[in-house]
Amino acid sequence: SEYAIETCKALGEMLGFASVSVISPQKHDRMIAFLSQLTHCIAVSLMCSNDNPELVKFTGDSFRDLTRIAKINDEMWSELFTLNRPALLAQMDAFAETFNSLREALARGDTDKMRSMMQKSTQRRKTFDKK
């Protein structure tokens, strides 16, 4: 109801959120699938893809930063993934397609394609920096 939405907006403002948005449940699910759930899937997959115990001796900040969220509450997150399955699967498929595009560029030695993707990545990431 409108009253519940206004109450939630007021609570968010009282808690100091910079902005409060009202969006459809479908848009919320797509955004959460990409911004939160997919990132957890990537971190979990990365940690499960190599079990070499020597790696820990050579790990730097970039790996720790990327995998921080891999320390995960499996019961809660598996439920969240399942509840948002269609949106998360769509984001996983899009990520896999893009990852494969980068892999194919590397396999072909296509540095122009790799650099183009890296430049796009850099530009898009800048928009997420706090001002």
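Where in helix α2 is the kink centred? The kink is centred on A33 and amounts to about 45°, within a helix that covers residues 25–48. The structure is a predicted model.

- A33 is one of the buried residues of α2.
- Leaving aside neighbours within four places in sequence, A33 is in contact with L38, N84, A87, L88 and Q91.

**The buried residues of α2**
- Besides A33, the buried residues of this helix are Q37, L38, H40, C41 and A43.
- An α-helix has 3.6 residues a turn, so residues three or four places apart point the same way.

**The nonpolar core**
- The largest nonpolar core is made up of 5 residues, namely A33, L38, C41, A87 and L88.
- At least two residues of this core come from α2, and at least two from α5.
- The biggest share is that of α2, which gives 3 residues.

**The surface patch**
- A nonpolar patch on the surface is formed by I23, M31, F34, L35 and F128.
- Together, these residues have about 480 Å² of accessible area.
- I23 lies in the loop between α1 (2–14) and α2.
- I23 counts as partly exposed because its relative accessibility is 36%, and partly exposed covers the range between under 20% (buried) and over 50% (exposed).

Technical notes: Residues numbered from 1 in each chain as written. Predicted model: local features only at pLDDT ≥ 70, side-chain atom pairs only at ≥ 80, totals over all residues. Heavy atoms only, no water. Bend = angle between axes of the 7 residues up to and from the residue. Helix = DSSP H or I, 4+ residues; strand = E, 2+ residues; numbered from the N terminus. Buried < 20%, exposed > 50% of the residue type's maximum accessible area, 1.4 Å probe, protein only. Patch = residues over 30% accessible without salt bridge, like charges linked within 9 Å, V, L, I, M, F, W, Y side chains within 5 Å. Areas by Shrake-Rupley, 256 points an atom, 1.4 Å probe, with all protein chains shown as cover. Salt bridge = Lys/Arg side-chain N within 4 Å of Asp/Glu carboxyl O. Core = buried A, V, L, I, M, F, W, Y, C linked by side-chain atoms within 4.5 Å. Contact = heavy atoms within 4.5 Å.
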